[in-house]
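Thanks for taking a look at this one. Here are some notes to read alongside the structure, written for someone meeting it for the first time.

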Amino acid sequence: MIALLLALGSSLAYGCADFLGGLGARKAHVLRTVMIAAPASLAVELLLWPVLGASFSPATLGWGAASGVASATAFALLYRTLAIGPMNVLSPVTALVSAALPVGVGLLQGEHLAAAGLVGLPLALVAVVLVSAGHGAGSARPSRAALLLALGAGAAIALQLICLHQAPSDSGVAPLIVGRAVSSAVTLAAAGLMHRKLGSERPAYAMSAAAGVLDSVANLLFLLAARGGDLAVVAVITALYPAGTVLLARGVLAERIHGSQLVGLGTAAIAVSLLALA
């Protein structure tokens, strides 16, 4: 139950981070936003070091670095995917892949679910798709290239989560620190190479920094949840993060919540209840 609650908290934090990061990216080039968010995120993880501890063993360094490379790759593929569009089709594809791959890894590693979990897990996967999909999801057809990018983005997100889960359980926040340092270095290097294409717009500093802080909180909650529960369950609950973004968009931007998303939110509530019973 504690792992389930931590996964829900991670999902909510990811959704809020995506909402703020998306708003920040409207004001300036997305790399300018990440150049603020990434150091803020790393700063939070460094502050957590004395509190939660960190052990930098070779295995921790390896899995942490791998998660950082996967994170940077996911970022690049995801935003390229959404730039091509249509978002309402590609976003559910990415979310579903990011949930399904860790489920497969967890089951292959010997995780088992009770009867309620066997029903709740597929329902949660359905909820991920429904919550991510907006109006008109069935009316637009993405190109083959866009679908491949969406699959790649989902796979990269999944690999980040799997790598964090594989890090030694006694390593504290070390995997997060290593991963964030690597992903920040990759992002800053990309920004340096593309500095002429970034434009002159100033980023939303407070909003971007808040997105980075929330992303760190989400990563930490996922790591704790994965250490205390089954990866198959934790990854699916975490992949419900679009629900937080949808609800914030409704409350702050007065965006409409479509029928499929309402069904998805209800399905998610049922799925979480079943997984709690499992």
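Predicted model: local features only at pLDDT ≥ 70, side-chain atom pairs only at ≥ 80, totals over all residues.

1. What secondary structure does the protein have? The protein comes to 11 helices and 0 strands. Reading along the sequence gives the pattern α-α-α-α-α-α-α-α-α-α-α.

2. For contacts with a separation of 6 or more, residues 24 or more positions apart account for 93%.

3. In an unreviewed entry, it places the feature "transmembrane region" at residues 29–49, 61–82, 113–133, 145–167, 173–193, 205–225, 231–249 and 261–277. These annotations may be inferred rather than shown by experiment.

4. Two of those spans can be compared with the model. Residues 145–167 are 96% helix and 0% strand, and the C-alpha atoms at the ends of this span lie 33 Å apart. Residues 231–249 come to 84% helix, again with 0% strand. For this second span, the end C-alpha atoms are 29 Å apart.

5. Now to the charged side chains. How many salt bridges does a search of the whole structure find? The search finds 2 salt bridges. One is formed by R180 with E45, where the closest N and O atoms are 3.8 Å apart. This pair links distant parts of the chain, with R180 in helix α7 (residues 174–193) and E45 in helix α2 (residues 30–52), 135 residues apart. Are these two residues buried or exposed? Both R180 and E45 are buried.

6. The other salt bridge joins the side chains of D215 and R180, at 2.4 Å from N to O. Here too, distant parts of the chain are linked: D215 lies in helix α8 (residues 205–228) and R180 in helix α7, 35 residues apart. D215 and R180 are both buried. Through shared partners, the salt bridges join E45, R180 and D215 into one network.

7. Helix α2 also has a part in a surface feature. Which residues form the nonpolar patch on the surface? They are L46, W49, F56 and L61, with about 350 Å² of accessible area together. Of these, L46 lies in helix α2.

8. A quick look at the cysteines. The disulfide count comes to 0. C16 counts as buried because its relative accessibility is 19%, and the cut-off for buried is under 20%. C163 is buried as well, with a relative accessible area of 9%.

9. With a relative accessible area of 0%, A146 is buried. How far apart are A146 and L77 in sequence and in space? They are 69 residues apart in sequence and 9.8 Å apart in space, C-alpha to C-alpha.

10. I270 can be found in helix α11 (residues 259–277). This residue is partly exposed, its relative accessible area being 48%. I270 and G120 are 150 residues apart in sequence, while their C-alpha atoms are 7.5 Å apart in space.

11. Where does G229 lie? G229 is in the loop between α8 and α9 (231–238). At 23% relative accessibility, G229 counts as partly exposed. Leaving aside neighbours within four places in sequence, G229 is in contact with A3 and V234. G229 and E111 are 118 residues apart in sequence, with a C-alpha to C-alpha distance of 9.7 Å.

Note on methods: Residues numbered from 1 in each chain as written. Heavy atoms only, no water. Helix = DSSP H or I, 4+ residues; strand = E, 2+ residues; numbered from the N terminus. Disulfide = S-S within 2.5 Å. Buried < 20%, exposed > 50% of the residue type's maximum accessible area, 1.4 Å probe, protein only. Salt bridge = Lys/Arg side-chain N within 4 Å of Asp/Glu carboxyl O. Patch = residues over 30% accessible without salt bridge, like charges linked within 9 Å, V, L, I, M, F, W, Y side chains within 5 Å. Areas by Shrake-Rupley, 256 points an atom, 1.4 Å probe, with all protein chains shown as cover. Contact = heavy atoms within 4.5 Å.
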